[in-house]
Amino acid sequence: MADSSFDVVSKVDKMEADNALNQAQKEVAQRYDFKNIGASIEQSGEKVLMKANSEERVKAILEVYESKLIKRGISLRSLDAGEPYASGKEYRLEASMKEGIAQDDAKKINKLIRDEAPKSVKSQIQGDELRVSSKSRDDLQATMALLKGADLDVALQFINFR
């Protein structure tokens, strides 16, 4: 019998991220505490730019955006938000979505699988994703549960389970 396998990836659904951004824009435009302070949130290239007249307001806009991402099923581990910085009379904050598993994170996941997963499970790094294989599907499911429970810095999804 052939080995069963699955891929571990870190991807963000672009449409859901856009929907979350649009909802955040609507809420920022309508909320009373954001009126007349120049508060805005918009996409600029790959980044999301948030602007307001104070550091606290920019952080509040970020919280609105984070809540919309959570409602849309996007993990906050995929959001890479910087610190607010002053730009003239306004404060700005840039955030971006992380895609793919970085090489050092892939190595951590690989080591975790080698150390704690059932012995029949093998994993290998393939670009920005990991392929995990084993003869036993039960061992693969145990490995998925192990990775879901692990405290990693990346949002993981499991695809191509065969």
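S96 sits in strand 6, which runs over residues 90-97. In this predicted model, S96 counts as buried because its relative accessible area is 15%, under the 20% cut-off. Looking past residues up to four places away in sequence, S96 touches E46, K47, S78, L79 and D80.

**Cores**
- The largest nonpolar core holds 23 residues, and those with the most contacts inside it are F34, A39, I41, M50, I61 and Y65.
- At least two residues of this core come from each of helix 1 (14-30), strand 3 (47-52), helix 2 (55-71) and strand 6.
- Helix 2 gives the largest share, six residues.
- Setting aside neighbours within four places in sequence, A39 is in contact with V28, F34, K51, A52 and I61.
- There's also a second, separate core of 19 residues, with I109, A117, V132 and A150 among them.
- As a rule, nonpolar side chains tend to be buried together in soluble globular proteins.

**Fold and overall shape**
- You get four helices and nine strands in the protein chain, in the order β-α-β-β-α-β-β-β-α-β-β-α-β along the sequence.
- The radius of gyration of the protein chain is 20 Å, while a compact globule of 162 residues would be near 15 Å.
- The C-alpha trace spans about 65 × 25 × 25 Å along its principal axes.
- Take contacts between residues at least 6 apart in sequence: 59% of them join residues at least 24 apart.

**Surface and charge**
- Of the 162 residues, 39% count as buried.
- The chain exposes about 9,400 Å², with carbon and sulfur atoms supplying 47% of it.
- Side chains include 27 positive and 28 negative ones, and the centres of the two sets lie 2 Å apart.

Terms used
Residues are numbered from 1 along each chain as its sequence is written. This is a predicted model: local features need pLDDT of at least 70, side-chain atom pairs count only at pLDDT 80 or more; totals for chains, interfaces and linings use all residues. Side-chain values use heavy atoms; hydrogens and water are left out. Buried means under 20% relative accessible area, exposed over 50%, partly exposed in between (1.4 Å probe, protein chains only). Contact means heavy atoms within 4.5 Å. A nonpolar core is a set of buried Ala, Val, Leu, Ile, Met, Phe, Trp, Tyr and Cys residues joined through side-chain atoms within 4.5 Å. The radius of gyration is taken over C-alpha atoms; the globule rule is 2.2 Å times the number of residues to the power 0.38. Accessible areas come from the Shrake-Rupley method with a 1.4 Å probe; for residues, only the protein chains shown count as cover. Lys and Arg count as positive and Asp and Glu as negative; His and the chain ends are not counted. The place of a charge is taken as NZ of Lys, CZ of Arg, CG of Asp or CD of Glu.
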